[in-house]
Amino acid sequence: GPEAVDGLQRLHLSVAATKYPRKLDGKFVEQLQTVLCSPKSPEQIQVLCAAILREMSPCNDLVLSCDEIQDTKLLSLVSSVLLAQGSRGEVAAVGQRVVQGLERRLPEGQSARFLLPVLANVISLSPGSLTEEQTNVVSKKLADWLRYASIQQGMAQPSGGFFSSPRTKQPAPITEVDGAVATDFFTVLSVAQHYTQDQWLNVQAFSMLRNWLLCYGGKEQSPMDSSEGNSGTPLVPVPATPGRLLPPRERLRDKAFAYCQRLVEQSTRRPLKKEDGDLQKACLIEAVTIMDIICKQDSSYVCRAVSCLKILHSRICGDATYARALLPIAQLFLNHSKQAAVDSDAIYKHLFSDIPALLFHNPSLAFEFVQFCKDNSQLFTDSSSIFRQSFPNLFKFLAWNSPALISEFVDLLPFLLDPGTATEIFHLLLDLPCLTAALDIQLRAAALPVSEKAGADPAGKPATCLEAFHHPLYRSMFQYLLRSRAAPEDAPDSLVPLRQLLGSLAGSPRVVQCAETVPVLLELFFRVVAEFADGSLINQLVVLLLQRSDQLYDIPAFKEDVVLGSNLAMLCGLRPALVVELSTEILEFSGAVSNIQSKEAIFTHMAWAVGEFLSVSHDKRCTVEQITRFFETLEAVLFEITQLRPQASTPSCAPRAISVLMATLTKLAARSQDLIPRVSMFLSKMRTFVQSPAVTSVYCEEDLEEILIRATELMNLLKMPSVAQFVFTPPVASTRFQKEVNDSLPLALRMVTQLLEPAAGSMPV
Amino acid sequence: MVRAFVLLAPGGPAPCRVLYARTFGTPPGAGPGGPRQRLRRKEQLLVVARQVASQCQLLQASLGRPSSPQLPQLPDEPVSLQDAPGGVFQMSPGDPFPERVTVVWLSVLALAFALVCEPQENLSLAEITLRRLAPRLLLSLRLLGPGADVLLRPDAADGLLDRLLPHGQMLFLNERFLQAMDRELGLKVSR
């Protein structure tokens, strides 16, 4: 009764509510199983018992077996418990029982409809569960159900009323989704008021068809082979002669292909019920995917498939609602068009040039499109191909759907990067949030009524971003940002005005979410580029880095998170000679005192790199004049920021910048020893600096102490110039040991200091 | 095939809660047996739920909507799925399932529904399936009314899943088939 139901529901809750094991008495578990299988139990009770047993899985006390069960619904329910145990034996046993049920004639009133999903689950969990013979039996049945379901509507269940006369009614024919009377065999897109059992089986059969073919559709041997999609021509090709049936596998392939062709035709009809439209598209995708699998398993189908799909493509390529179906079509062509000697470039071009620009805002399409790219990553290795050249379009998906797609792009980015695309992608990554904002405006502009699209007065300045979209001042910048193809030569001189204009959108959640993905991608970018970049590309990137460091979209935290400084240092480490080659740019950057405040991380890393790499041992072209020039430039900056009485105009900066500048000057002096007296004098003044009252109010005590300690160490080192030279100009670290020596520089400094100023009672070991 | 179905409350400020979860079979040989297998299953589903909750909140934010929408006044008011936010994302092998999975999710008011699919599954069909499951679950479990206790009605949820997603098998049901199924289940779904 209802109490039993209530009790079982509460029991289920208490078992399910915790992830830790709850022990149920063994006898009780046995009772649950008995009740489950008893024909007298009401359905609700059975369902609850099954739910509890499943919740407890894996279950040691399980004595359930499906052998004796005749009722197919119950069999399905019991199977759900057995399949939850995680035991290969159980799965196989269920598989055997189900095939047995399908083979034989079922008792009256029972339907095979409930068995097919069980079978689908069995082969998904453990593909090897069925024997060859059994798969043949099932293949044969599937083929029959797919092809020969009744083409007349089912009858309503007899209502049993006094005046009902069901027998006088003629069964009506099935119709298509657009209302036309069907002239061909029944499919999932066939419409009826009531359905017959074999029509239900038709639906079930198609629903599991793809997995079945993947598992058992290929060459006859182990099912795992066909799931890898090798094109299996049958071992013994058997042509279909009249009066002679194909072997089950080939026959199923034949019926399946015909079914898919029919679905392709049915899927472009205009449905009477709007919701059927969604199903049509899902069917279309499934049909094309199955055709692809069939072509892989038997290449004799390729020609038919290709010609069918070319026609389909031309019908749907202009309809945005069918866009998702373009992907499996393109996939089939990628897999087989060589064989069919068909030129499919137009299909790829449309897919990559037009679709992302139109439909970047559709999250499902975006996901599937990026998956397609990942699945076919070998396409991107050819740098001239349409695929590779379309990367600006691909990034639109990420710009709009950042949280969902960032991990996919982390996988995809390496395939897009090569010497030809690196600098353009670098700019693109830094401008990704800008792209988000621009896409937003593009969408809003497209939604405007035509009258408003005329745009504002071209002579004046646009008042809003939306007005700016068509305004001559900004139009070409927008077009560049929203381009579909790689265009390194077309870059406008500067996107700065556009970035400023888009500043009003910098707080929008979508833009912020996009900005959060950029640091990850930049790190990856540099890691990948470091592997293939040659000298000229590295130099280019360093210059761009310095330039872009203050041309970033003005989103709070974006500028800090985008860690350009450490990557700058990494690039210098890769190619130390660039410090000499790009000395003009670096001097200009390092000499601007304002940079130490506004771009502190980059400045600090640049200063460090100068100290590390500006030496003859890294580049023979390094001259004394150059060292002196860098020295003077950095000395001027350090002087500016360590004034005893800082003025309002003096930039403030982190103590670390001061330390790094001091160290760099010392290193340079060690290499050009005329400079030593200047540095030593400077360093000796640091004591006064850190004790000056104006300064102590700006920096904290620990930081000032750190600066003083560092200054002292450096000074002491300079008292032994030859040691300093050795410490600061080690041989270029070509071995790991040498690298470790470099990394232990602070330690070396401390040791030397201790040698020179032994603290009372402490002796270096 | 669908590996699992999860019904969760994404929370907002509150942590997300799994209200109902159903796996469709356990792959044999994958991992520990016994109680650890069950523990692992529960934890995997919780990881999925958390990820769905996070994606849901991020999407709501980007659409400019409040993260914890109000429930409608009348429990029987038909819920429109037109603008229901949803999405799809992938979870890498090992995190948390041994193989890669794709998660399709849909958010309706303060709840979210998710299907954990095998890779290469038909995602269009998965979305259709979710859009059919959601209103029927809301109806059967009376999830919108006061005192709704989905936790105490697993049989209702199971009954629906056994028809619309039997053993994790998604079905290509056109509207008429769906109506026939609703008749079998005794459901009156507003259309």
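Predicted model: local features only at pLDDT ≥ 70, side-chain atom pairs only at ≥ 80, totals over all residues.
Good morning, colleagues. I shall begin with the charged side chains. Side chains of opposite charge can pair when their charged atoms come close. Over all chains, a search of the whole structure finds 38 salt bridges.

Arg444(A) forms a salt bridge with Asp440(A), with the closest N and O atoms 3.5 Å apart. Both residues lie in helix α20 of chain A, 4 residues apart, which is about one turn of the helix. Arg444(A) is partly exposed, with a relative accessible area of 38%, and Asp440(A) is partly exposed at 21%. Elsewhere, salt bridges that share partners join Glu176(A), Asp178(A), Arg262(A), Glu265(A) and Arg269(A) into one network.

Next, the surface. Which residues form the negative surface patch? The patch consists of Glu701(A), Glu702(A), Glu705(A) and Glu706(A). Glu701(A) is located in helix α37 (residues 701–718) of chain A, and its relative accessibility of 63% makes it exposed.

I turn now to the annotation. An unreviewed UniProt entry places the feature "domain: AP-5 complex subunit zeta-1 ARM repeats" at residues 279–396 of chain A. In the model, that span is 76% helix and 0% strand, and its end C-alpha atoms lie 28 Å apart.

Chain B has 4 helices and 5 strands. Read from the N terminus on, its elements run β-β-α-β-β-β-α-α-α. Of the 191 residues in chain B, 59% are buried.

Finally, the backbone. Most residues other than glycine have a negative phi, and most peptide bonds are trans. Which peptide bonds here are cis? In chain A, the bond from Ser57(A) to Pro58(A) is cis, with omega near -5°. Pro58(A) lies in the loop between α3 (43–55) and α4 (72–82) of chain A. In chain B, a cis peptide bond joins Asp95(B) and Pro96(B), with omega about 0°. Pro96(B) sits in the loop between β3 (86–91) and β4 (101–108) of chain B.

Positive phi angles come next. Leu109(B), although not a glycine, has a positive phi of about 55°. This leucine lies in the loop between β4 and β5 (111–117) of chain B and is partly exposed, at 24% relative accessibility. His167(B) is not a glycine either, and has a positive phi of about 55°. His167(B) occupies the loop between α3 (154–164) and α4 (175–185) of chain B, and is buried, with a relative accessible area of 4%.

That concludes my presentation. Thank you for your attention.

Terms used:
Residues numbered from 1 in each chain as written. Chains lettered and ligands numbered in written order. Heavy atoms only, no water. Salt bridge = Lys/Arg side-chain N within 4 Å of Asp/Glu carboxyl O. Helix = DSSP H or I, 4+ residues; strand = E, 2+ residues; numbered from the N terminus. Buried < 20%, exposed > 50% of the residue type's maximum accessible area, 1.4 Å probe, protein only. Patch = residues over 30% accessible without salt bridge, like charges linked within 9 Å, V, L, I, M, F, W, Y side chains within 5 Å. Areas by Shrake-Rupley, 256 points an atom, 1.4 Å probe, with all protein chains shown as cover. Lys, Arg positive; Asp, Glu negative; His and termini not counted. Charge placed at Lys NZ, Arg CZ, Asp CG, Glu CD. UniProt positions renumbered as here; feature names shortened; annotations may be inferred.
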